[in-house]
Amino acid sequence: MARTVVVTGSTSGIGLSIARAFAAEGCNLVINGFGPAAEIETIRVGLEQHGGRAVYHGADMSKPVEIGDLMAAAVHAFGPVDVLVNNAGIQHVAPIEEFPLEKWDQILAINLSSSFHTMRAVIPAMKERRQGRIINIASAHGLVASPFKAAYVAAKHGILGLTKTAALELAEFGVTVNAICPGYVLTPLVEKQIPDTAKARGITEAQVKSDVMLKFQPTKEFVAADDIAATALYLASDAARQITGTHISIDGGWTAQ
Ligand code: NAD
């Protein structure tokens with residue numbers, strides 16, 4: 001039977017790659033995120049070409065009620081969730097003393113609290129069925145910090161704590177909970193922060209890429225979104241059944257330093 005897979009923030013970037021990877025395995029997908037309706041519909045239809053079905057839900061992941069509705073819609077469409085991928089995330093770059101309060105709240109809500117709400121929704125059925133995989137897309141910034149990213153770094157460190165706690169609570173129920181910690185992946189999220197980082201540091205956009213982003217990635221290459229997706233597939237496979245409560249770094253060596 002096709003697995004039910006929910007990927008939050010999957011209309012773009014890493015989440016979209018992950019959704020496509022699970023769809024290619026014939027899974028039923030629930031996708032989520034923002035974007036023009038026609039583009040999202042094209043994405044949704046594309047996900048169905050491998051035999052599984054796909055539905056879109058536009059929940060704003062900063063809003064617990066909408067998250068509840070998303071999770072209920074997933075079960076309604078395809079039955080209990082087998083794989084939950086918490087991926088939705090945003091970024092804002094500014095010094096702490098200038099960090100807008102509403103950005104702090106929004107980043108904590110989307111990048112951290114939304115995963116608590118989705119997990120809270122799927123855990124009872126996963127426990128009862130004694131199966132399930134939860135994969136949280138954290139970041140190298142879940143392990144190390146960079147200046148001017150206070151909310152993001154705090155939220156990503158938090159998601160690793162949540163991952164470990166949930167893994168312990170679910171360890172005897174056949175449910176694994178893990179995080180993936182990517183380094184810099186050239187997605188819209190990263191492209192958008194280049195001008196702000198240039199401004200905050202007083203350097204050019206080209207220097208942001210070479211001296212700030214890839215400076216920390218010893219391979220000197222951006223990570224491919226498809227590499228993150230391949231690891232998500234692995235964590236959802238039978239071979240990964242004893243991997244729980246941990247993270248896998250895909251960061252070109254960044255956090256080895
Ligand atoms: P992206 O901007 O390409 O995609 C983000 C997705 O989240 C989009 O689908 C967007 O519509 C959705 N989204 C944003 N706010 C939302 C909200 N309030 N409700 C619902 N959906 C919302 O970004 P990405 O680079 O693919 O990032 C995906 C995840 O990977 C994030 O959690 C990010 O922190 C993490 N990550 C990214 C990188 C990187 O270098 N790109 C590195 C490490 C971790």
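## The shell around the ligand

In this predicted model, helix α6 supplies the largest share of the shell around the ligand, giving three residues. Helices α1 (13–24), α5 (150–170) and α6 (188–201) are the ones that each contribute at least two residues to that shell.

Altogether, 30 residues surround the ligand, and Ser-12, Asn-87, Tyr-152, Val-185 and Thr-187 are the closest.

Let's look at some individual atoms. The side chain of Ser-12 has an N or O atom 2.6 Å from an oxygen atom of the ligand. For Thr-11, a side-chain N or O atom is 2.7 Å from a ligand oxygen. Met-61 takes part through its backbone: an N or O atom there lies 2.8 Å from a nitrogen atom of the ligand.

The ligand sits in the largest pocket, which contains about 1,000 Å³ of space. This pocket is lined by 49 residues, with Ala-88, Gly-89, Ile-90, Leu-189 and Lys-192 closest to its centre. Two or more lining residues come from each of α1, α2 (37–47), α4 (101–129), α5 and α6.

Helix α6 turns up again here, giving the most to the lining with six residues. By class, the lining consists of 22 nonpolar, 20 polar and seven charged residues.

Definitions and conventions. Residues are numbered from 1 along each chain as its sequence is written. This is a predicted model: local features need pLDDT of at least 70, side-chain atom pairs count only at pLDDT 80 or more; totals for chains, interfaces and linings use all residues. Side-chain values use heavy atoms; hydrogens and water are left out. A residue is near a molecule or strand if one of its heavy atoms lies within 4 Å of it. A polar contact is a pair of N or O atoms within 3.5 Å; within protein, one must be able to donate a hydrogen and the other to accept it, and residues adjacent in sequence count only if both atoms are side-chain atoms. On a 1 Å grid over the protein atoms alone, a cavity is a set of points where a 1.4 Å probe fits but cannot get out, and a pocket is an open set with protein on both sides within 12 Å along at least five of seven lines; lining residues have an atom within 4 Å of a point. A molecule sits in a cavity or pocket if more than half of its atoms lie within 2 Å of its grid points. Helices (H or I, at least four residues) and strands (E, at least two) are DSSP runs, numbered from the N terminus. Grid points are joined across faces, edges and corners, and a volume is the space filled by probe spheres set on the points. Ala, Val, Leu, Ile, Met, Phe, Trp, Tyr, Cys and Pro count as nonpolar, Asp, Glu, Lys and Arg as charged, and the others, Gly among them, as polar.
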